[in-house]
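Open the model in your viewer and color it by chain. This tour tells you what to select next and what you will find there.

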Amino acid sequence: MSERPIEIIRREGEIHVPAIVYDGLKPADLVLIERAWGPTRLRLLQELLGRDVPRSEWPESLHWDWSRKADELRYLEATGFGIVCEREWQGVMLTKTVSHVAQLPAEKGRPLVYVDYLESAPWNWRIRPLGQEGQYKAVGTVLFREAVRQSVKEGFHGRVGLHALPKAEEFYRRCGLTPLGRDRRKQNLTYFELGPTEAEGFLRD
Amino acid sequence: MSTDARFEDRPSREWLRRMAELEDRCESVTAGGLAHDLGMLEAALSEEPWLFGRFIQFARRARHLSVEKLAEQADIDIAEILGIECGANMKPAPRTVHKLAQTLGLSSGKLMELCGLAEPQDEGLRLAALRFAARSEPVTELSAAEREAFEEFVKVLSESPESI
Amino acid sequence: MAEKRTMTLNLTPTEMEAVEELARRKQLSKTAVIRQALRLYQIVDARMEKGDKLFFEDSAEKKAEVMMI
């Protein structure tokens, strides 16, 4: 496992805080992460139910469970990334390098880094119906950038693919990814892909 | 993509702020093709063993039964009940569920649905179970008897030769 | 990234050509081609160990079985 210093933003005060991004999480790390995030997920669930918030306004990944992904990290193709800030896991991402290939016409069949899963800690979520502003932001951005970096390091020229949850589509579009239609094999989520040129643009700031 | 130098540096703070703003406008950047089947609430309750377990525990306590007593009355293994209550048991045996239903005075059919052994008949049951779980107290406060039992066990642990 | 170990590969000319062809088509270095192949092999092997079968589906969506022994 390697680590690198980065920064994320604490919402309160809008200040940049130092954090570490880890590359190469182990299965046990995912179990620990879920143990740390689980209670907050449950509390949020209870609050959402208690206030009768309509399901459509719930955070989309409320019921995820990272410990269920622990076994997948045993494969060479899978890489786990995590961000730690103030001694807590603030974001996690799982990428794969073999199970998906590029779909963009100009890149068809070439390898890419597929973002299997990306999530910021539940206390970072902005949940308007509960008045939760979220502690840290830019976590998702930093993690996604790590996926692009991984793609470059692997020799995939920055190609990245992912299925975005509905509320995240706009973000990935703005990052330069091309939507390639709904995928009925993935619960009709829209598949997005970043090509080499767009990746370079993204990394250049 | 020739040089590595370009992306070894950290992104500028300005860029990070812009992206964070974008994140905020979009509410979320979660990605995950399997998000929906990894326990989304629409899925069968059987994927949420903690929910079934919580319910059984409360049904038991509502009848003022200890796990021991329940095990005895329902003729089920203590270990099995404990496993169910803490959500470790993904699919309890049909006989166990049936016995629990009988002993706790619950509808066997509904209980089967709740733990995923039977096809859900309607959305209402699932929602009702969730509502119940959300409103029920998590077991944070120990009753006097529980505290006594706990302290007794702690004593045994500290007396055992393996403890350092 | 963690430190790397080195291995010397002895390939026949045909195998070498195959690596070079794949590297060209996929815009990868020869090393990257081998690493991708290894990752894929590991996945396939693990699934087959479990008892799963590997299939190819042609464009007409007809399945043909590919089994590795």
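Start where chains A and B meet: 47 residues of chain A are in contact with 34 residues of chain B. Two residues are in contact if their C-beta atoms, placed from the backbone, lie within 7 Å. This is a predicted model, in which local features need pLDDT of at least 70 and side-chain atom pairs count only at pLDDT 80 or more, while totals for chains, interfaces and linings use all residues. Residues are numbered from 1 along each chain as its sequence is written, with chains lettered from A and ligands numbered from 1 in the order in which they are written.

Now select the chain A side of this contact. The elements giving two or more residues to it are β1 (2-10), α1 (27-50), β5 (113-120), α2 (139-154), β7 (160-164), α3 (169-174) and α4 (196-203) of chain A. Helices (H or I, at least four residues) and strands (E, at least two) are DSSP runs, numbered from the N terminus. Highlight α2(A): it gives the largest share, six residues. By class, the side of chain A that touches chain B has 19 nonpolar, 11 polar and 17 charged residues. Here Ala, Val, Leu, Ile, Met, Phe, Trp, Tyr, Cys and Pro count as nonpolar, Asp, Glu, Lys and Arg as charged, and the others, Gly among them, as polar.

Next, zoom in on β5(A) and strand β1 (residues 31-32) of chain B. They pair in the antiparallel sense over two bridges; pairing requires at least two bridges found by DSSP. Select Tyr117(A), and you will see it opposite Gly32(B) in β1(B).

From the N terminus on, its elements run α-α-β-α-α-α-α-α-α-α.

Pick helix α4 (residues 67-74) and helix α6 (residues 94-104) of chain B. They pack at an angle of about 105°, with their axes 9 Å apart. That makes α4(B) roughly perpendicular to α6(B), a term for angles of 65 to 115 degrees. Axes are lines fitted to C-alpha atoms over the stretch in contact, and angles run from 0 to 180 degrees between N-to-C directions. Show side chains for Leu70(B), Gln73(B) and Ala74(B) of α4(B), then Lys99(B), Leu100(B) and Thr103(B) of α6(B): these make the contact.

Last stop: chain C. Here 13 residues of chain C are in contact with 11 residues of chain A. Select helix α2 (residues 30-50) of chain C, which gives the most to the chain C side, with seven residues.

How values were computed
Parallel < 35°, antiparallel > 145°, perpendicular 65-115°, else oblique.
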